[in-house]
Amino acid sequence: MDKDLKKNLQARNVLRVALYIRVSTQEQAKEGYSIGEQEKRLRSYCEAMQWDIFKVYIDPGYSGGDTNRPGLQDLMRDVKAGLIDKVVVYKLDRLSRSQKDTLILIEDVFLTNNVDFVSMSESFDTATPVGRAVLGLLAVFAQLERDQIKERMGMGKEARAREGKWGGGSSEPIGYDYDPVSELLVVNEYEKMQILEAVELFLKGTPLRTICNIFHNKGYTYVGKSGRVNEWDPKRLKYVFRNKIYLGYM
């Protein structure tokens, strides 16, 4: 922002409010935290409070588990540059689901730079003593909810592994295809043949790069992430040799 415009706004005592909006894909689908809905409610709230919106910062499809989000990083830079007076979110966990990160952001980034923080749903404002006290409690429960989600996900993955079911990931291991009906991995005979041949060559002392060159000359390929057909490279071959799933571990 132009420095003269910044001084002009401050001289007119205009409250510069920043809206921060975050949603993960899962939350948008299941909990109704869509970007459009959050922004609509926040704008109505600011209108009722007679606050001027300076800028809207959005992080679509980002987890609240850390602060490595482009929208949040932009917000932090503008806060430190003195361009914002107040940050408003729909709910505290939109800012972060980490108790530590929440307190650091509000106390060490916002309040240190004379920027107040408002959570619309929890109805608290760090401009008041009660709001600052409530902040600590809400941060604890946001962290608790995140930990419970992680615990439930871990239990689900463990149960699937005990049943021999594939736990998912970016793609199934080379040499296997995923059967969505049984939720099991089934052997891909073409890729299995390549892996067994690679093991045989390796046990004879053939270097990984040489094995890949042999496979390239034979036209061997495997299906990788997003169904992409790939040629072998030493890094991928090393990963296959070290993957315990070929020993029967799920």
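Is R22 buried or exposed, and what is its relative accessibility? The legends below begin with this residue.

**View 1. Side chain of R22 in strand β1**. The model is predicted: local features need pLDDT of at least 70, side-chain atom pairs count only at pLDDT 80 or more, and totals for chains, interfaces and linings use all residues. Residues are numbered from 1 along each chain as its sequence is written, and side-chain values use heavy atoms, with hydrogens and water left out. R22 belongs to strand β1 (residues 16-23); strands (E, at least two residues) and helices (H or I, at least four) are DSSP runs, numbered from the N terminus. At 1% relative accessibility, R22 counts as buried (buried is under 20% relative accessible area, exposed over 50%, partly exposed in between, with a 1.4 Å probe and protein chains only). A polar atom of the R22 side chain lies 2.9 Å from the backbone oxygen of Y62. For the backbone oxygen of D93, the distance to a polar atom of the R22 side chain is 2.7 Å.

**View 2. R94 in helix α5**. Helix α5 spans residues 92-95 and contains R94, which counts as buried at 0% relative accessibility. The side chains of R94 and D93 are joined by a polar contact of 2.9 Å. Such a contact is a pair of N or O atoms within 3.5 Å; within protein, one must be able to donate a hydrogen and the other to accept it, and residues adjacent in sequence count only if both atoms are side-chain atoms.

View 3. Leaving aside residues up to four places away in sequence, L42 touches L19, Y20, I21, V88, V89, Y90 and M120, where contact means heavy atoms within 4.5 Å. L42 and V89 are 47 residues apart in sequence, and their C-alpha atoms are 7.3 Å apart.

**View 4. Aromatic pairs Y45–W51** **and Y222–W232**. A pair of aromatic rings is described by the distance of the centres and the angle of the planes. Rings of Phe, Tyr and Trp (its six-membered ring) pair if their centres lie within 6.5 Å; planes under 30 degrees apart count as stacked, over 60 as edge-to-face and the rest as tilted. This rule gives 8 aromatic pairs. Y45 and W51 form an edge-to-face pair, at 5.8 Å centre to centre and 80° between the planes. Y45 is partly exposed, with a relative accessible area of 23%, whereas W51 is buried at 14%. The pair of Y222 and W232 is tilted, with 4.8 Å between centres and 50° between the planes. Y222 lies in strand β8 (residues 222-223) and W232 in the loop between β9 (229-230) and α10 (234-242), 10 residues apart. Y222 counts as buried at 6% relative accessibility, and W232 counts as buried at 8%. One aromatic cluster is formed by Y190, F215, Y220, Y222 and W232.

**View 5. Crossing of helices α9 and α10**. The axes of α9 (residues 208-218) and α10 come within 9 Å and cross at roughly 110°. Axes are lines fitted to C-alpha atoms, for helices over the stretch in contact, and angles run from 0 to 180 degrees between N-to-C directions. The two helices, α9 and α10, are therefore roughly perpendicular to each other (65 to 115 degrees; under 35 is roughly parallel, over 145 roughly antiparallel and the rest oblique). L208, R209, I211 and C212 in α9 meet P234, L237, K238 and F241 in α10.
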